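The sequence and structure come first.

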Amino acid sequence: MKCIIVDDEPIARKGIKRLVDQISQLELLDSFNSAETASQYIQTTDVDLIFLDIQMPGINGIEFARSIPKHTLIIFTTAYSEYALDSYEVDAIDYLVKPIDAAKFRKAVDKAITYHSLLLDEEKKSVENVEGECIFVKSDRRFFKVNLKDILFIEGLKDYVIIQMNEQRIITRMNVKNIHDLLPKNTFLRINRSYIVNKNHIDSFDNNDVFIKNHEIAIGNFYRDTFFEEFMKGKSV
């Protein structure tokens with residue numbers, strides 16, 4: 001994947017470059033100290049992935065993320081944890097807090113590589129229909145059956161959704177709202193702008209996050225009251 005680094009701190013750029021150089025699937029095209037210079041660059045050069053700081057002079061990272069091409073993925077690299085929910089608003093792949101742990105960096109890049117591959121491959125796929133307990137996902141001339149009970153959660157990524165199951169991900173051209181409208185509301189709960197969870201697979205939760213296996217998903221402020229109301233229906237504490 002062709003990537004760039006956007007960070008106003010020279011030491012941070014150097015540190016991220018060192019991490020990038022350790023991953024053979026990444027090709028670092030260039031580094032920039034501002035969103036403005038990076039913006040000029042991506043107007044003439046295809047970039048698959050941006051490692052993007054948030055607090056920078058001029059245009060901040062969140063504002064810049066809203067302006068980049070839809071096919072370009074983002075991993076935020078920031079010293080501030082309070083922007084994590086904002087990252088969902090721009091469909092970021094991940095959100096890493098400095099100092100960046102090498103293992104977490106590798107995990108975020110692996111996720112980006114997987115999504116990038118899926119995006120390249122999904123053009124012919126779409127959700128064709130929902131019948132009873134199944135979703136039928138179309139690929140070329142075939143229809144793939146997905147049992148609703150096997151879905152852990154659904155993640156929105158730009159103009160697509162990724163249906164996450166135990167051993168499989170399927171990407172479809174559909175937005176989060178439209179697929180949520182097709183699913184049974186007593187089972188599938190929307191917990192932020194980008195995520196729908198199957199409540200039957202929730203292992204634990206607190207006031208801010210839902211945990212499904214090794215996935216930690218933030219609960220958006222706008223969705224918090226509705227989530228707890230729906231999730232606790234028929235449950236005793």
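Val97 in S5 is the bridge partner of Thr78. In this predicted model, S4 and strand S5 (residues 94-97) run parallel and are joined by four bridges. S4 also pairs with strand S3 (residues 49-52), again in parallel and through four bridges. On that side, Phe51 stands opposite Ile75 in S4.

| Strand paired with S4 | Residues | Bridges | Direction |
|---|---|---|---|
| S3 | 49-52 | four | parallel |
| S5 | 94-97 | four | parallel |

How many residues of strand S4 are buried? Six of the six, residues 73-78, are buried, so S4 is largely enclosed by the rest of the structure. Burial here means under 20% relative accessible area.

Helix H7 (residues 221-231) has Tyr223, Arg224, Phe227, Phe228 and Phe231 as buried residues. Viewed down the axis of H7, these buried residues lie within an arc of 130°, so they line one face of the helix. An α-helix has 3.6 residues a turn, so residues three or four places apart point the same way. The face of H7 turned away from the buried side carries Phe222, Asp225 and Glu229, which are exposed.

Which strands are included in what covers the buried residues of H7? Among them are S12 (188-192), S14 (204-205) and S15 (209-212).

Definitions and conventions. Residues are numbered from 1 along each chain as its sequence is written. This is a predicted model: local features need pLDDT of at least 70, side-chain atom pairs count only at pLDDT 80 or more; totals for chains, interfaces and linings use all residues. Side-chain values use heavy atoms; hydrogens and water are left out. Buried means under 20% relative accessible area, exposed over 50%, partly exposed in between (1.4 Å probe, protein chains only). Helices (H or I, at least four residues) and strands (E, at least two) are DSSP runs, numbered from the N terminus. Two strands pair if DSSP finds at least two bridges between them. The arc is that of the directions from the helix axis to the C-beta atoms. Contact means heavy atoms within 4.5 Å.
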